[in-house]
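Good morning, colleagues. Please look at the model on the screen while I take you through several of its regions.

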Amino acid sequence: MRTDTGHVFKLTDYKPTDFVVERIDLTFELDPKATMVVSRVILHRREGVGTDVPLVLDGDELTLDSLLIDGMEIDASLYDATPDSLTIRDLPESAPFEITVTTTLSPETNTKLMGLYRTNGVYCTQCESEGFRRITYFYDRPDVLAVYTVTIIASKDETKQLLSNGNFLGGGNYDEGRHFAAWFDPHPKPSYLFALVGGDLGLVEDTFTTMSGREVALKIYVEHGKEPRAAYAMDALKRSMKWDEEMFGREYDLDIFQIVAVSDFNMGAMENKGLNVFNDKYVLADPETATDADYANIEAIIAHEYFHNWTGNRITCRDWFQLCLKEGLTVYRDHAFSADQRSAPVKRIAEIRLLKAHQFPEDAGPLAHPVRPETYREINNFYTATVYEKGSEVVRMIRTILGADAFRKGMDLYFERHDGDAATIEDFIACFAEASGRDLKQFALWYSQAGTPSVSVSSEWNDTKKTFKVTLEQSLAPTPGQSRKALMHIPLAYGLILPDGSEFEGQPTGGEASGGVIHLTKRKQTFTFSDVPGRPVVSINRGFSAPVNIAMEQSPEDLAHISRHESDGVARWQALNDYATRHLVAASRLARDGRNLMPAGDLADVLIATAKDETLEPAFRAQALALPAESDIAREIGSNIDPDAIHTAREAVLAEVARAGQDVFTTLAASAAKGAYSPDATAAGQRALAGVSMSYASIAEAAADRAKAAFDAADNMTVLAQALQVLAHQFPGADETQDALESFKSRYAENPLVLDKWYSTQAMAPGSSTCDRVEELLASPDFDHTNPNRVRALIGAFTAGNPTGFNRADGAGYRLLARQVVEIDGRNPQLAARLLTAMRSWRSLEPGRQEQARLALLSIRDAGKLSADVSDIVERMLAA
């Protein structure tokens with residue numbers, strides 16, 4: 001385990017390698033305990049590098065078996081081999097030369113799930129970000145691109161498929177009881193995109209014909225017997241390939257595209273060139289075992305990894321500081337794909353909820369960092385919501401500023417200019433500036449400044465002059481390492497809604513504004529609209545055009561006007577959400593002070609009217625009825641947060657809305673799509689509306705009967721999971737709930753992915769007693785502590801999805817997490833570090849909980865030998 005946390009990597013320290021890798025040939029002789037790896041690398045010195053400069057290659061827990069230079073053994077005095085590096089001196093002056101490195105690995109004992117490991121009898125690699133150095137000594141960095149040839153040798157009986165990147169060269173018998181397969185990837189790639197899989201797996205096959213007429217073989221490998229559950233993933237893959245051709249002109253470039261689903265995986269999936277490795281939860285689905293959300297996630301993640309073929313693989317990152325160049329850009333692309341496949345407004349609302357729930361708190365806490373950080377100690381800790389989700393929002397803003405046509409020209413130029421390159425953010429921005437003729441220097445600050453900008457908005461109506469003024473002022477609070485911030489370029493889509501519900505079409509003066517977008521580039525700007533026929537209501541940041549906090553005092557009447565007449569579905573939802581948030585924040589403060597809550601009559605009326613409005617799609621109504629989460633309310637309160645008070649206030653509002661609209665919710669609870677299950681957006685939206693209505697109706701009835709009846713009658717996992725959640729969260733002590741939990745576990749005992757839902761549902765049940773239940777489940781003999789999905793399903797769901805249970809006033813939740821982090825860190829540091837980020841907002845809690853959280857963090861810090869991953873997170877949390 002790497003425990004050195006002292007070295008800080010800096011963006012400004014970048015320099016190319018001293019030697020250039022021309023190609024690499026790898027031979028693997030697979031064995032669970034002793035896999036031999038032979039790496040033959042051809043290199044030459046970079047121009048200007050002296051002959052006295054040694055070759056220094058990366059390693060991680062490696063042991064060197066042998067080293068050859070141009071096929072000859074060299075004296076031991078000419079090299080130094082440690083577990084973390086290989087340094088070779090006095091290399092041949094002539095170029096190129098070849099080094100041959102032999103190492104031996106133990107895949108079955110590799111619990112970090114980085115490098116080459118074995119899970120359920122399947123050999124698998126995960127090399128991003130620095131896993132390749134756990135396989136062989138190499139320049140394990142993203143700017144070293146090389147052509148790979150891979151030969152795999154393994155037992156015929158145990159390892160029937162031998163897979164790697166690129167196109168299949170051939171294979172056959174090797175020696176008694178073993179066979180081999182050879183693969184060649186013609187596209188130079190960095191080591192983090194290398195992949196190998198060996199196992200005995202089931203196969204689903206199809207083909208795709210590209211826009212130029214080439215036929216591509218498509219293969220998805222899953223555990224035997226699970227092949228039918230890969231059908232939707234295959235369909236999503238084919239739709240992704242077609243969409244990328246139509247929307248970005250990107251055609252697939254190999255003869256074969258393969259996906260392998262494994263059950264032990266630290267991430268969601270990995271975009272290795274031509275051989276994507278997936279966490280099986282994002283491949284396997286059928287109506288009995290997968291919810292609508294599972295289907296949507298599979299569609300999105302299949303697309304995301306496929307889109308990486310161009311934004312990440314063909315064009316990769318110069319260094320890990322540029323991680324958002326592949327991840328943020330590709331998230332933008334998969335968001336656009338999902339919006340086209342489903343309801344665009346509903347998809348956008350889900351993106352906003354995710355961003356505010358995970359990225360905004362990151363920006364506001366001790367782990368805040370820019371979309372492109374300037375320093376890091378452990379790169380694994382920067383696979384964050386800021387890099388992914390905010391990185392996507394930055395790309396989205398580029399499109400908003402430039403318009404669709406100029407944005408497409410910029411993307412085309414980027415693909416043309418940097419195909420085969422390891423690029424930077426500056427390269428990316430330059431393509432859009434050149435294609436559009438626009439200066440994007442100020443906008444580029446979105447990549448270098450951490451934090452969520454705040455924009456205060458005020459308006460002034462002059463009835464005599466018929467003018468309407470909108471004044472905007474921006475600010476950006478200090479974040480760790482950045483005390484002073486420069487002014488940002490913030491594109492804000494807007495609309496002026498007139499008293500009759502129509503929209504004012506005139507353009508303002510006072511600054512740049514075009515195409516329904518105001519460009520805020522100064523500290524404070526006033527935009528004046530003239531000849532306005534009546535006092536309008538301003539709708540600002542339509543579509544969430546910029547990831548900012550809007551501070552605007554709008555009356556309930558104005559918010560209601562927006563919610564009734566706004567043509568932008570996202571802004572309409574935002575008005576409803578703002579109305580609800582304002583009420584819930586006020587109610588939470590009253591609950592914290594022990595005072596009586598104010599009635600929610602007006603809010604209830606608005607929500608019930610929305611629920612009944614059949615001109616709105618069901619999925620939108622479901623989103624509107626889902627009140628802001630307790631974490632959303634806490635974020636708005638900002639400091640001195642009492643999670644119990646927030647929960648009390650939110651439950652009271654839910655109950656009042658439920659009682660007021662009981663008849664409506666009872667009717668809608670029975671409105672789910674009838675007939676055979678389909679995961680399409682329309683049917684999924686109907687189930688979502690029926691599900692949230694069932695929750696409201698059950699609250700109004702104060703009885704578990706309705707949810708238990710839905711549970712018993714469910715013919716698909718979506719309805720089954722909805723009903724189980726209502727039972728477990730609203731009626732935890734009811735006999736119906738215990739019967740449902742026991743029935744669910746018995747029915748799906750042999751299906752780990754579905755059983756994960758059983759764990760998560762219980763872990764997120766609100767209340768202080770849930771912490772004790774999580775402890776019980778952790779101690780149960782059937783809990784698999786080594787499987788990341790199972791750990792995330794219980795511990796991750798509890799810490800990230802249960803504000804009252806995790807933030808128990810006596811600190812029991814924090815101590816539980818601290819123990820688990822230290823224990824998990826010994827075998828899987830990445831998993832441990834990501835679980836620990838659930839405490840990122842600990843300083844915003846009320847003083848008593850703050851102290852309990854601080855003590856838990858100190859117990860982790862003082863636990864002894866920690867990985868670089870966990871040490872980095874805990875030290876940043878305590879230092880801020």
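I begin with the term pocket: on a 1 Å grid over the protein atoms alone, it is an open set of points where a 1.4 Å probe fits, with protein on both sides within 12 Å along at least five of seven lines, and lining residues have an atom within 4 Å of a point. Grid points are joined across faces, edges and corners, and a volume is the space filled by probe spheres set on the points. This is a predicted model, in which local features need pLDDT of at least 70 and side-chain atom pairs count only at pLDDT 80 or more, while totals for chains, interfaces and linings use all residues. Residues are numbered from 1 along each chain as its sequence is written, and side-chain values use heavy atoms, without hydrogens and water.

The second largest pocket holds about 990 Å³ of space. It is lined by 34 residues, and His7, Phe9, Asp58, Arg133 and Arg141 are the closest to its centre. Two strands, S1 (9-10) and S4 (55-58), each give two or more residues to this lining; strands are DSSP runs of E of at least two residues, and helices are runs of H or I of at least four, both numbered from the N terminus. S4 gives the largest share, three residues. By type, the lining has 17 charged residues (Asp, Glu, Lys and Arg), 13 nonpolar ones (Ala, Val, Leu, Ile, Met, Phe, Trp, Tyr, Cys and Pro) and four polar ones (the others, Gly among them).

I turn now to strand pairing, which requires at least two DSSP bridges between two strands. Strand S25 (residues 454-462) pairs with strand S26 (residues 467-475) in the antiparallel sense over nine bridges, and Ser454 stands opposite Ser475 in S26. These two strands form a hairpin with four residues between them, and Lys466 in the turn has a positive phi of about 60°. S25 also pairs with strand S32 (residues 549-552), in the parallel sense over four bridges. There, Val455 stands opposite Ile550.

Finally, consider Glu846, in the loop between helix H25 (829-836) and helix H26 (847-861). Is Glu846 buried or exposed? Buried means under 20% relative accessible area, exposed over 50%, and partly exposed in between, with a 1.4 Å probe and protein chains only. Glu846 counts as buried because its relative accessible area is 17%. Beyond its neighbours within four places in sequence, Glu846 is in contact (heavy atoms within 4.5 Å) with Asn640, Ile641 and Asp642.
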